[in-house]
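I opened the model today to look up how its strands pair and where its nonpolar residues gather. My notes follow in the order in which I looked.

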Amino acid sequence: MTEPVPEAARVRRRGRTTFLIAAAAVLGTVAGTCVGYLVQADREPTKLPPLSQPVVAQAKGKGPEPLSAAQDRKVKFEGDLRRLLVERPKGAGDGAYTTDDEGEWMSLAEYADWYTKPDTAFRDLVGDEFRRAAVTTWSESGTRDVEVRLVQYRQEEQVAAAGYAESGYYWADDLGANHSWSIPGTGDGMAYVHDEPQRKAGYQPLYSAQAHAWRGDIAMEIWIYDTKPVPKKTIMGLAERQMERL
């Protein structure tokens, strides 16, 4: 019985014939190129097009009116970030982070301190071009605490605001959000409600809701805590009002 031929042996080697054919092809290419140069040398030079171009008439009439400061997002975002925070409800009490009616500035160190690993968060925020943050908090209904943050990034190297909003979506799901809804008019903004409360000995059960979205170079974060479940309309209504101000 004849043994099967190894796969490598079935490949035909490139012998001298193949080399000669390849050499002839190269010589033919060179010869053709030389003939082409000789033909071009006997021809009259081709005239170049004139450098001047027809003058385009300027459009007449008034141009569009410039955007007002309220409509121009760049102008709005360059102003006092605290003025873009949603207004506190009338009669609301102070929250965990004491602020006035217009909100307060939150430093990089203060903002990083809200993370479970502040040192790591601080380094990440510096690398992600953190610029500034404004926060407002209040308490209402005797048991509910609300916190709203607007975090602005320089975005010279990356779109950090969108990235931090996406991080908010991830961690909200990781916490086991029972319900989630898209925030109208935000593209991918999301609001979440957690039906399962956090429990700790000596304290009442703590229910929570949160919302995350972004616009331009600003990321929005909203947190609501209560001793009873937070209704959908509460977190959605607050998120929509805040995004309208952006």
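**Entry 1: the nonpolar cores**

I looked up the largest nonpolar core and found 27 residues in it, of which Met220, Ile222 and Ile235 touch the most other members. A nonpolar core here is a set of buried Ala, Val, Leu, Ile, Met, Phe, Trp, Tyr and Cys residues joined through side-chain atoms within 4.5 Å, and buried means under 20% relative accessible area with a 1.4 Å probe, protein chains only. Two or more residues each come from E3, E4, strand E6 (190–198), strand E7 (206–215), E8 and helix H6 (232–245), and H6 gives the largest share, 5 residues. Helices (H or I, at least four residues) and strands (E, at least two) are DSSP runs, numbered from the N terminus. Apart from this core I noted another, of 15 residues, among them Leu108, Tyr111, Tyr153 and Ala219.

**Entry 2: source of the values**

I noted that this is a predicted model, in which local features need pLDDT of at least 70 and side-chain atom pairs count only at pLDDT 80 or more, while totals for chains, interfaces and linings use all residues. Residues are numbered from 1 along each chain as its sequence is written, and side-chain values use heavy atoms, with hydrogens and water left out.

**Entry 3: strand E4 and its partners**

In strand E4 (residues 144–153) I found 9 of the 10 residues buried. E4 pairs in the antiparallel sense with strand E3 (residues 130–140) over 10 bridges, where pairing requires that DSSP finds at least two bridges between two strands. Ala133 stands opposite Val151 in E4. E4 also pairs with strand E8 (residues 218–226), in the antiparallel sense over 8 bridges, and Val146 has Ile224 in E8 as its bridge partner.

Terms used:
Buried < 20%, exposed > 50% of the residue type's maximum accessible area, 1.4 Å probe, protein only.
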